[in-house]
Amino acid sequence: MGQESDGISRREWSTPIREPWNPLIKECLSGIDRHNCRYLMTGDRRDAALAGMLRKYVAELKALIHELEADH
């Protein structure tokens with residue numbers, strides 16, 4: 001983990017383990033935003049549900065990446 005000038009440890013954004021997953025995570029976050037906007041505009045609960053599914057997927061993927069980094 002890197003160190004910021006204020007001494008706070010921060011996780012690296014681009015490690016060899018994370019690198020291949022970063023574009024997918026970015027697309028999922030964009031999808032969440034898109035579904036949230038549609039939900040707010042239309043009230044269609046399917047968009048809220050799909051945004052929730054994407055959030056859960058990203059959270060689980062990040063947990064997996066953290067485990068892979070800890071094992072490496």
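Asp47 is buried, with a relative accessible area of 4%. In this predicted model, Asp47 is found in helix α2, and it touches His35, Arg38, Tyr39 and Thr42, leaving aside residues up to four places away in sequence. The chain as a whole comes to 2 helices and 2 strands, arranged along the sequence as β-β-α-α.

**Confidence**

- The mean pLDDT of the chain is 88, and 82% of the residues reach 70 or more.
- Among the elements, α1 has the highest mean pLDDT, at 98.
- Strand β1 (residues 2-3) has the lowest, with a mean of 49.
- Where pLDDT is low, the predicted coordinates should not be read in detail.

**Chain-level figures**

- The chain has 72 residues, of which 21% count as buried.
- Taking contacts between residues at least 6 apart in sequence, 43% join residues at least 24 apart.

**Helix α1**

- Helix α1 spans residues 22-42 and has 21 residues.
- From first C-alpha to last, α1 reaches 30 Å, close to the 30 Å expected at 1.5 Å a residue.
- The buried residues of α1 are Ile25, Cys28, Gly31 and Ile32. They cover an arc of only 115 degrees around the axis, which puts them on the same side of α1.
- An α-helix has 3.6 residues a turn, so residues three or four places apart point the same way.
- On the face of α1 turned away from the buried side are the exposed residues Pro23, Lys26, Glu27, Arg34, Leu40 and Met41.
- After α1 comes Gly43, with a positive phi near 75 degrees.

**Helix α2**

- Helix α2 covers residues 45-71 and has 27 residues.
- The distance from the first C-alpha of α2 to its last is 39 Å, close to the 39 Å expected at 1.5 Å a residue.
- Buried in α2 are Asp47, Ala51, Val58, Leu61, Ile65 and Glu69.

**Packing between the helices**

- The buried residues of α1 pack against α2, and the buried residues of α2 pack against α1.
- Asp47, one of the buried residues of α2, has Arg38 and Tyr39 among the residues it touches.

**Cysteines**

- The structure holds 0 disulfides.
- A disulfide is a covalent bond between the sulfur atoms of two cysteines.
- Cys28 is buried, at a relative accessible area of 8%, and belongs to the buried set of α1.
- Cys37 is partly exposed, at a relative accessible area of 46%.

- Ser14 lies in the loop that runs between β2 (9-10) and α1.
- Ser14 touches Glu19 and Asn22, not counting residues up to four places away in sequence.
- The side chains of Ser14 and Glu19 make a polar contact at 2.2 Å.

Methods. Residues numbered from 1 in each chain as written. Predicted model: local features only at pLDDT ≥ 70, side-chain atom pairs only at ≥ 80, totals over all residues. Heavy atoms only, no water. Helix = DSSP H or I, 4+ residues; strand = E, 2+ residues; numbered from the N terminus. Expected span 1.5 Å × (residues − 1). Buried < 20%, exposed > 50% of the residue type's maximum accessible area, 1.4 Å probe, protein only. Contact = heavy atoms within 4.5 Å. Arc of directions from axis to C-beta. Polar contact = N/O pair within 3.5 Å; in protein donor to acceptor, adjacent residues only side chain to side chain. pLDDT = per-residue confidence, 0-100. Disulfide = S-S within 2.5 Å.
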